[in-house]
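The sequence and structure follow.

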Amino acid sequence: MPRPAVDADAAPDNQQLRRSRWLVLALLVLALLLCGIGLGVGSQGLESVRTMLQDAVARQIVWDIRLPRTLGALLAGALLGLAGCVAQGLFRNPLADPYLLGSASGASLGVALAMMLSGSSSLVLPWLVHLGMTGVAFIGSVLAVLLTLTLARGVQGGLRLLLAGVIVGVVLGACKDVILLTHQDILQAMQSYELGSTGFIGWTACVIMALVLLLCLLAAWSLSRVLDGLALGEATARSLGLPLPAMQAALIGVLSLATAAAVAQTGLLAFVGLAAPHLVRSIVRVRHNRLVLLSALMGGVLLCAADLLARGLVAPQELPVGVLTALLGGGYLLWLMHRQRSRSPLGQGEG
């Protein structure tokens, strides 16, 4: 009896799908485990967890400080992981990160301006109190991306958009440095923001980030076909018959919104959005409809683990989590470069 024909590509695809399901499960278990560990990490250790049912102060420490901080780290990391996946797919560049369009520099400039104006004008102060530093950072991040799009004259032309993002980032960063030089009283507070921290995340910030994450995940999933097409080149993406400029603009909107929401709550956190998609692709090869979710989960796990290390390594003091993510992320990318070079054939250069 003849055997049915088997598609040569079907078995590898099914294997990758199974691996992706196991990876989702593993990342969800890791996230839950890290949340549980996060409840017991702090100056008072597990004592607050043991006595939280009887002690109101211990209950407040666990419920109002540790739990929202741990969940906030997961959500902020997920936003950065998602944004990094979208950026790398949109620009067809594995080194693209969420800050590529100047959002980080815009957020830093917004915070520096808010700190400068908070003590100089009674007319500005009510607006700052209403918006808060997170609101100002969010607005600065979005305005920086809009400025990048204006300079690039739209979303088409990846190289022009990248160059515009670099220029906007450098110029806005220089403006922020001028403010710090002329108002050195805000230097310490600004340094704390730029080093990155999850210590100020509360329940309100968690709700905001969760809503933004859900919206961005749905949008990125619905646009995943465009990312798959762009991975094969713009000509292939156009051949799909989709309104490519409008969808590229929507993807930039997702990238900008996710990055701005994370940066506004945590400050600048290096390498999370860059490393998360890399780690996922090193484990499993899937299309973008699954890659965006996996990158978000990986980013959340990475940032939450880094935050726990920052809180526990030198307890009762804390390391800035942005410094730790830079060290760990930079070390991972250096190892990745070394591994890829060692696998290249002998005698071949870098071209």
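Helix 13 is largely enclosed by the rest of the structure, because 18 of its 25 residues are buried; buried means under 20% relative accessible area, exposed over 50% and partly exposed in between, with a 1.4 Å probe and protein chains only. The helix covers residues 288–312 and reaches 35 Å from its first C-alpha to its last, close to the 36 Å expected at 1.5 Å a residue. That expected span is 1.5 Å times one less than the number of residues. Helices are DSSP runs (H or I, at least four residues), numbered from the N terminus.

The model is predicted: local features need pLDDT of at least 70 and side-chain atom pairs count only at pLDDT 80 or more, while totals for chains, interfaces and linings use all residues. Residues are numbered from 1 along each chain as its sequence is written, and side-chain values use heavy atoms, with hydrogens and water left out.

**Salt bridges**

The structure holds five salt bridges, each defined as a side-chain nitrogen of Lys or Arg within 4 Å of a carboxyl oxygen of Asp or Glu. Three of them are tabulated below.

| Arginine 69 | Aspartate 307 | 3.3 Å |

An α-helix has 3.6 residues a turn, so residues three or four places apart point the same way. Aspartate 307 has a relative accessible area of 1%, and arginine 311 is buried as well, at 5%. A network of salt bridges links Arg69, Asp307, Arg311 and Glu318.

**Aromatic pairs**

Which kinds of geometry do the two aromatic pairs show? Rings of Phe, Tyr and Trp (its six-membered ring) pair if their centres lie within 6.5 Å; planes under 30 degrees apart count as stacked, over 60 as edge-to-face and the rest as tilted. Tryptophan 63 and tryptophan 203 form a tilted pair, 5.1 Å centre to centre with 40 degrees between the planes. This pair links distant parts of the chain, with tryptophan 63 in helix 3 (residues 56–91) and tryptophan 203 in helix 8 (residues 203–222), 140 residues apart. Tryptophan 63 is partly exposed at 47% relative accessibility, as is tryptophan 203 at 29%.

Tyrosine 332 and tryptophan 335 also form a tilted pair, 6.1 Å centre to centre with 35 degrees between the planes. These residues are three apart in helix 14 (residues 321–343), and are therefore separated by about one helical turn. Tyrosine 332 is buried at 15% relative accessibility, whereas tryptophan 335 is partly exposed at 45%.

**Nonpolar surface patch**

Leu147, Leu151, Leu159, Leu163, Ile167 and Val171 form a nonpolar surface patch with about 560 Å² of accessible area together. Patches are made of residues with over 30% relative accessible area and no salt bridge; like charges are joined within 9 Å and nonpolar side chains (Val, Leu, Ile, Met, Phe, Trp, Tyr) within 5 Å. Accessible areas come from the Shrake-Rupley method with a 1.4 Å probe, and for residues only the protein chains shown count as cover. Helix 5 (125–152) and helix 6 (158–182) each supply at least two residues of the patch, and the largest share, four residues, comes from helix 6. Leucine 159 lies in helix 6 and is exposed at 61% relative accessibility.
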